[in-house]
Amino acid sequence: MKMNRFFLLVAAGLLLLMSSCATVYHNQLVSIPLISEQGELQLQAGGSLNDFATANLSVAYGVSDKLAFQGFGRINSGDDLSLYHLQLALGRYAQNENGHIKEFYGGVAFGMHDFSLTFGRYYADLTKNSPMKLDRTDYYTEDYEAVNGNYQMLYVQGNIGKKFKNVEWALGCKLGGIYATIQDYQENYVGTFLVEDPSTNTSYTRDVFETVSYSYHPLNLLLEPQFEVRFGWEHFKFSYRIGFSIFGNSSPELHRIYYTGFNSGLGIHYRF
(Lines give C-alpha, C1' and ligand atoms only; values in the text may rest on other atoms or scores of the structure.)
Protein backbone atom coordinates (compact mmCIF):
# COMPACT_ATOMS: atom_id res chain seq x y z
CA MET A 1 0.00 0.00 0.00
CA LYS A 2 2.82 2.40 0.88
CA MET A 3 4.55 1.58 -2.42
CA ASN A 4 1.36 2.42 -4.35
CA ARG A 5 1.17 5.77 -2.55
CA PHE A 6 4.78 6.46 -3.43
CA PHE A 7 4.15 5.89 -7.14
CA LEU A 8 1.05 8.09 -7.02
CA LEU A 9 3.10 10.83 -5.38
CA VAL A 10 5.78 10.59 -8.07
CA ALA A 11 3.14 10.69 -10.84
CA ALA A 12 1.52 13.77 -9.30
CA GLY A 13 4.90 15.48 -9.06
CA LEU A 14 5.57 14.82 -12.74
CA LEU A 15 2.19 16.30 -13.65
CA LEU A 16 3.05 19.40 -11.63
CA LEU A 17 6.35 19.86 -13.41
CA MET A 18 4.82 19.30 -16.83
CA SER A 19 1.85 21.62 -16.32
CA SER A 20 3.49 24.43 -14.35
CA CYS A 21 7.14 24.88 -15.07
CA ALA A 22 6.75 28.36 -15.84
CA THR A 23 2.60 34.09 -14.88
CA VAL A 24 1.88 38.41 -13.71
CA TYR A 25 0.56 37.11 -10.43
CA HIS A 26 -2.84 35.47 -10.08
CA ASN A 27 -4.26 34.42 -6.74
CA GLN A 28 -3.40 30.74 -6.32
CA LEU A 29 -6.13 28.40 -5.08
CA VAL A 30 -3.84 25.93 -3.31
CA SER A 31 -5.57 23.17 -1.37
CA ILE A 32 -5.15 23.40 2.43
CA PRO A 33 -4.33 19.74 3.13
CA LEU A 34 -4.70 19.28 6.93
CA ILE A 35 -2.31 16.30 7.06
CA SER A 36 -2.90 14.26 10.22
CA GLU A 37 -0.67 11.18 9.95
CA GLN A 38 2.42 9.73 8.32
CA GLY A 39 1.82 8.22 4.89
CA GLU A 40 -1.34 10.23 4.25
CA LEU A 41 -1.57 11.24 0.59
CA GLN A 42 -3.96 13.82 -0.86
CA LEU A 43 -4.66 14.84 -4.44
CA GLN A 44 -6.91 17.69 -5.51
CA ALA A 45 -7.70 18.88 -9.04
CA GLY A 46 -9.78 21.92 -9.83
CA GLY A 47 -10.24 25.20 -11.64
CA SER A 48 -11.06 28.85 -11.12
CA LEU A 49 -14.57 30.30 -11.29
CA ASN A 50 -12.97 33.59 -12.36
CA ASP A 51 -11.37 32.03 -15.42
CA PHE A 52 -12.72 28.80 -16.87
CA ALA A 53 -9.54 28.27 -18.94
CA THR A 54 -7.57 27.55 -15.75
CA ALA A 55 -6.63 24.12 -14.37
CA ASN A 56 -4.71 23.38 -11.17
CA LEU A 57 -3.44 20.39 -9.21
CA SER A 58 -2.50 20.15 -5.51
CA VAL A 59 -0.65 17.27 -3.85
CA ALA A 60 0.24 16.75 -0.17
CA TYR A 61 1.96 13.89 1.66
CA GLY A 62 2.73 13.09 5.29
CA VAL A 63 6.46 12.37 5.14
CA SER A 64 6.71 11.52 8.85
CA ASP A 65 4.63 11.89 12.00
CA LYS A 66 5.52 15.62 12.04
CA LEU A 67 6.69 16.62 8.54
CA ALA A 68 4.58 17.09 5.39
CA PHE A 69 5.28 17.95 1.75
CA GLN A 70 3.01 20.08 -0.43
CA GLY A 71 3.10 20.91 -4.14
CA PHE A 72 0.85 22.95 -6.42
CA GLY A 73 0.74 23.70 -10.14
CA ARG A 74 -1.49 25.88 -12.29
CA ILE A 75 -1.79 26.42 -16.03
CA ASN A 76 -3.86 28.84 -18.08
CA SER A 77 -3.77 29.23 -21.84
CA GLY A 78 -6.00 31.42 -23.99
CA ASP A 79 -5.98 33.74 -26.99
CA ASP A 80 -4.62 36.72 -25.02
CA LEU A 81 -3.21 35.11 -21.87
CA SER A 82 -0.80 32.33 -20.94
CA LEU A 83 0.32 31.77 -17.38
CA TYR A 84 2.01 29.05 -15.39
CA HIS A 85 2.76 28.67 -11.69
CA LEU A 86 4.55 26.07 -9.56
CA GLN A 87 5.19 26.00 -5.80
CA LEU A 88 6.78 23.43 -3.49
CA ALA A 89 6.82 23.50 0.31
CA LEU A 90 7.89 21.48 3.36
CA GLY A 91 6.30 21.94 6.76
CA ARG A 92 5.22 20.63 10.15
CA TYR A 93 1.78 19.55 11.29
CA ALA A 94 0.16 18.68 14.61
CA GLN A 95 -3.32 17.77 15.86
CA ASN A 96 -4.51 18.84 19.32
CA GLU A 97 -6.91 17.09 21.67
CA ASN A 98 -9.90 18.99 20.19
CA GLY A 99 -9.19 17.61 16.73
CA HIS A 100 -7.95 20.90 15.25
CA ILE A 101 -5.01 20.47 12.88
CA LYS A 102 -2.33 23.12 12.60
CA GLU A 103 0.22 23.30 9.78
CA PHE A 104 3.16 25.58 9.08
CA TYR A 105 4.93 25.48 5.70
CA GLY A 106 7.88 27.22 4.13
CA GLY A 107 8.36 27.09 0.40
CA VAL A 108 9.37 28.51 -2.95
CA ALA A 109 7.30 29.42 -5.98
CA PHE A 110 7.98 30.64 -9.48
CA GLY A 111 5.99 31.37 -12.59
CA MET A 112 5.73 33.08 -15.94
CA HIS A 113 3.09 35.25 -17.58
CA ASP A 114 2.42 36.46 -21.10
CA PHE A 115 -0.69 38.46 -21.91
CA SER A 116 -1.85 41.20 -24.23
CA LEU A 117 -4.54 43.84 -23.90
CA THR A 118 -6.28 45.90 -26.57
CA PHE A 119 -7.97 49.12 -25.48
CA GLY A 120 -10.68 50.67 -27.64
CA ARG A 121 -10.79 54.45 -27.24
CA TYR A 122 -12.65 57.42 -28.68
CA TYR A 123 -10.55 60.49 -29.43
CA ALA A 124 -12.50 63.75 -29.53
CA ASP A 125 -9.68 66.06 -30.64
CA LEU A 126 -7.05 65.05 -33.17
CA THR A 127 -5.86 68.53 -34.20
CA LYS A 128 -3.02 69.10 -31.69
CA ASN A 129 0.73 69.08 -32.34
CA SER A 130 0.61 69.01 -36.14
CA PRO A 131 -1.04 71.13 -38.84
CA MET A 132 -1.22 68.03 -41.02
CA LYS A 133 -3.19 66.05 -38.46
CA LEU A 134 -6.81 65.58 -39.48
CA ASP A 135 -9.57 67.27 -37.58
CA ARG A 136 -11.90 64.45 -36.59
CA THR A 137 -14.32 64.01 -33.72
CA ASP A 138 -15.45 60.79 -32.05
CA TYR A 139 -12.74 58.88 -33.87
CA TYR A 140 -12.33 55.31 -32.64
CA THR A 141 -9.05 53.43 -32.57
CA GLU A 142 -7.29 50.81 -30.48
CA ASP A 143 -4.20 50.91 -28.25
CA TYR A 144 -2.26 47.72 -27.64
CA GLU A 145 -0.24 46.53 -24.65
CA ALA A 146 1.66 43.26 -24.18
CA VAL A 147 3.23 42.23 -20.86
CA ASN A 148 5.45 39.22 -20.27
CA GLY A 149 7.93 38.18 -17.63
CA ASN A 150 8.62 35.87 -14.72
CA TYR A 151 8.74 35.93 -10.93
CA GLN A 152 10.23 34.05 -7.98
CA MET A 153 8.78 33.92 -4.46
CA LEU A 154 9.82 32.77 -0.99
CA TYR A 155 6.94 32.32 1.45
CA VAL A 156 5.67 30.89 4.71
CA GLN A 157 2.10 29.74 5.31
CA GLY A 158 0.10 28.83 8.39
CA ASN A 159 -3.06 26.69 8.27
CA ILE A 160 -5.69 25.62 10.78
CA GLY A 161 -8.77 23.47 10.32
CA LYS A 162 -10.72 20.41 11.35
CA LYS A 163 -11.70 17.18 9.62
CA PHE A 164 -14.96 15.31 10.07
CA LYS A 165 -16.10 12.22 8.19
CA ASN A 166 -18.15 14.13 5.61
CA VAL A 167 -17.04 17.77 6.03
CA GLU A 168 -13.71 19.54 6.42
CA TRP A 169 -12.97 23.24 6.85
CA ALA A 170 -9.67 25.08 6.78
CA LEU A 171 -8.21 28.59 7.01
CA GLY A 172 -4.79 29.50 5.68
CA CYS A 173 -2.64 32.57 5.25
CA LYS A 174 0.48 32.96 3.12
CA LEU A 175 3.13 35.65 3.61
CA GLY A 176 5.84 35.99 1.00
CA GLY A 177 8.13 38.19 -1.02
CA ILE A 178 7.99 38.27 -4.85
CA TYR A 179 10.73 39.49 -7.15
CA ALA A 180 9.65 39.90 -10.77
CA THR A 181 11.22 40.69 -14.13
CA ILE A 182 8.65 42.28 -16.41
CA GLN A 183 8.79 43.48 -20.01
CA ASP A 184 6.04 45.94 -20.98
CA TYR A 185 5.40 46.78 -24.66
CA GLN A 186 2.80 49.39 -25.63
CA GLU A 187 1.48 50.88 -28.86
CA ASN A 188 -0.39 54.12 -28.09
CA TYR A 189 -2.41 55.97 -30.67
CA VAL A 190 -0.94 59.38 -31.58
CA GLY A 191 -3.24 60.54 -34.35
CA THR A 192 -4.40 60.25 -37.93
CA PHE A 193 -2.25 62.19 -40.39
CA LEU A 194 -2.81 63.35 -43.95
CA VAL A 195 0.04 62.18 -46.17
CA GLU A 196 0.56 63.87 -49.55
CA ASP A 197 2.36 62.16 -52.43
CA PRO A 198 3.74 64.84 -54.85
CA SER A 199 4.70 62.28 -57.47
CA THR A 200 1.11 61.23 -58.00
CA ASN A 201 -0.54 64.40 -56.75
CA THR A 202 -2.65 62.33 -54.35
CA SER A 203 -3.08 62.12 -50.60
CA TYR A 204 -4.12 59.49 -48.10
CA THR A 205 -4.57 59.07 -44.34
CA ARG A 206 -2.44 57.04 -41.95
CA ASP A 207 -2.90 56.15 -38.27
CA VAL A 208 0.27 56.76 -36.29
CA PHE A 209 1.13 54.89 -33.07
CA GLU A 210 3.85 55.61 -30.54
CA THR A 211 5.77 52.52 -29.44
CA VAL A 212 6.99 52.32 -25.84
CA SER A 213 8.97 49.38 -24.47
CA TYR A 214 10.59 49.07 -21.05
CA SER A 215 11.52 46.48 -18.45
CA TYR A 216 11.42 46.73 -14.67
CA HIS A 217 11.97 44.59 -11.56
CA PRO A 218 9.31 45.16 -8.87
CA LEU A 219 9.83 43.70 -5.41
CA ASN A 220 6.55 43.00 -3.63
CA LEU A 221 5.32 41.78 -0.27
CA LEU A 222 2.36 39.40 -0.60
CA LEU A 223 -0.32 38.55 1.96
CA GLU A 224 -2.72 35.84 0.80
CA PRO A 225 -5.53 34.62 3.12
CA GLN A 226 -7.64 31.68 1.99
CA PHE A 227 -10.65 29.64 3.10
CA GLU A 228 -11.58 26.14 1.98
CA VAL A 229 -14.47 23.79 2.71
CA ARG A 230 -14.68 20.17 1.53
CA PHE A 231 -17.77 17.97 1.70
CA GLY A 232 -18.69 14.49 0.52
CA TRP A 233 -17.59 11.06 1.65
CA GLU A 234 -14.77 9.84 3.87
CA HIS A 235 -12.13 9.69 1.13
CA PHE A 236 -13.71 11.53 -1.82
CA LYS A 237 -14.95 15.10 -1.44
CA PHE A 238 -15.85 18.20 -3.41
CA SER A 239 -14.00 21.39 -2.61
CA TYR A 240 -14.82 25.11 -2.69
CA ARG A 241 -12.03 27.64 -2.16
CA ILE A 242 -11.83 31.44 -1.99
CA GLY A 243 -8.63 33.48 -1.73
CA PHE A 244 -7.43 37.09 -1.62
CA SER A 245 -4.11 38.60 -2.68
CA ILE A 246 -2.90 41.80 -1.01
CA PHE A 247 0.28 43.35 -2.39
CA GLY A 248 2.65 45.86 -0.85
CA ASN A 249 4.43 47.36 -3.86
CA SER A 250 7.90 48.85 -3.46
CA SER A 251 7.92 50.20 -7.03
CA PRO A 252 6.27 53.27 -8.61
CA GLU A 253 2.75 52.82 -9.96
CA LEU A 254 4.05 52.72 -13.52
CA HIS A 255 6.23 49.72 -12.65
CA ARG A 256 3.53 47.77 -10.86
CA ILE A 257 3.11 44.03 -10.77
CA TYR A 258 -0.12 42.89 -12.40
CA TYR A 259 -2.24 40.65 -10.18
CA THR A 260 -5.75 39.51 -9.34
CA GLY A 261 -6.97 40.41 -5.87
CA PHE A 262 -9.70 37.76 -5.53
CA ASN A 263 -10.21 34.24 -6.77
CA SER A 264 -12.62 31.37 -6.13
CA GLY A 265 -12.78 27.86 -7.45
CA LEU A 266 -14.14 24.35 -7.30
CA GLY A 267 -12.29 21.06 -7.13
CA ILE A 268 -12.42 17.33 -6.44
CA HIS A 269 -10.38 15.99 -3.53
CA TYR A 270 -9.24 12.46 -2.73
CA ARG A 271 -7.51 11.33 0.46
CA PHE A 272 -5.71 7.95 0.40
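**Note on a predicted model: salt bridges, aromatic pairs and surface**

1. The count of salt bridges comes to seven, a salt bridge being a side-chain nitrogen of Lys or Arg within 4 Å of a carboxyl oxygen of Asp or Glu. This is a predicted model, in which local features need pLDDT of at least 70, side-chain atom pairs count only at pLDDT 80 or more, and totals for chains, interfaces and linings use all residues. Residues are numbered from 1 along each chain as its sequence is written, and side-chain values use heavy atoms, with hydrogens and water left out.

2. Overall composition. The protein has one helix and twelve strands; helices (H or I, at least four residues) and strands (E, at least two) are DSSP runs, numbered from the N terminus. The order from the N terminus is α-β-β-β-β-β-β-β-β-β-β-β-β. Of the 272 residues, 43% are buried, where buried means under 20% relative accessible area, exposed over 50%, and partly exposed in between (1.4 Å probe, protein chains only). The protein exposes about 14000 Å², and carbon and sulfur atoms supply 61% of that area. Accessible areas come from the Shrake-Rupley method with a 1.4 Å probe; for residues, only the protein chains shown count as cover.

3. Lys163 and Glu40. The side chains of Lys163 and Glu40 form a salt bridge at 3.3 Å, N to O. Lys163 belongs to strand E6 (residues 139-163) and Glu40 to the loop between H1 and E1, so the pair ties together parts that are 123 residues apart in sequence. Lys163 is partly exposed, at 22% relative accessible area, whereas Glu40 is buried, at 2%.

4. Glu168 and Arg271. A salt bridge joins the side chains of Glu168 and Arg271, with an N to O distance of 2.6 Å. Because Glu168 lies in strand E7 (residues 167-197) and Arg271 in strand E12, this pair ties together parts that are 103 residues apart in sequence. Glu168 is buried at 3% relative accessibility, and Arg271 is buried at 9%. A network of salt bridges links Glu40, Lys163, Glu168, Glu228, Arg230, Lys237 and Arg271.

5. Lys174. Lys174 forms a salt bridge with Glu224, the closest N and O atoms being 3.3 Å apart. With Lys174 in strand E7 and Glu224 in strand E9, the pair ties together parts that are 50 residues apart in sequence. Lys174 is buried, with a relative accessible area of 2%, and Glu224 is buried at 4%. Lys174 also lies over the face of Tyr155, at 4.8 Å from the ring centre. The criterion for a charge over a ring is NZ of Lys or CZ of Arg within 6 Å of the ring centre and within 35 degrees of the ring normal.

6. Aromatic pairs. There are five aromatic pairs. Rings of Phe, Tyr and Trp (its six-membered ring) pair if their centres lie within 6.5 Å; planes under 30 degrees apart count as stacked, over 60 as edge-to-face and the rest as tilted. Trp233 and Phe236 have ring centres 6.1 Å apart and planes at 35°, so the pair is tilted. Trp233 is exposed at 54% relative accessibility, and Phe236 is partly exposed at 30%. Phe231, Trp233, Phe236 and Phe238 form one aromatic cluster.

7. Phe244 and Phe262. Phe244 and Phe262 make a tilted aromatic pair, 5.2 Å centre to centre with 50° between the planes. Phe244 is in strand E10 (residues 236-244) and Phe262 in strand E12 (residues 262-271), so the pair ties together parts that are 18 residues apart in sequence. Phe244 is partly exposed at 39% relative accessibility, and Phe262 is partly exposed at 37%.

8. The loop between H1 and E1. His26 lies in this loop and is buried at 15% relative accessibility. His26 and Phe262 are 236 residues apart in sequence, with C-alpha atoms 8.5 Å apart in space. Leu34 lies in the loop between helix H1 (2-19) and strand E1 (41-48) and is buried at 0% relative accessible area. The phi of Leu34 is near 60°, a positive value in a residue other than glycine. Most residues other than glycine have a negative phi.

9. Nonpolar surface patch. Phe104, Val156, Leu175, Leu221, Leu223 and Ile246 form a nonpolar patch on the surface, together with about 530 Å² of accessible area. Patches are made of residues with over 30% relative accessible area and no salt bridge; like charges are joined within 9 Å, nonpolar side chains (Val, Leu, Ile, Met, Phe, Trp, Tyr) within 5 Å. Leu223 lies in strand E9 (residues 219-232) and is partly exposed, with a relative accessible area of 35%.
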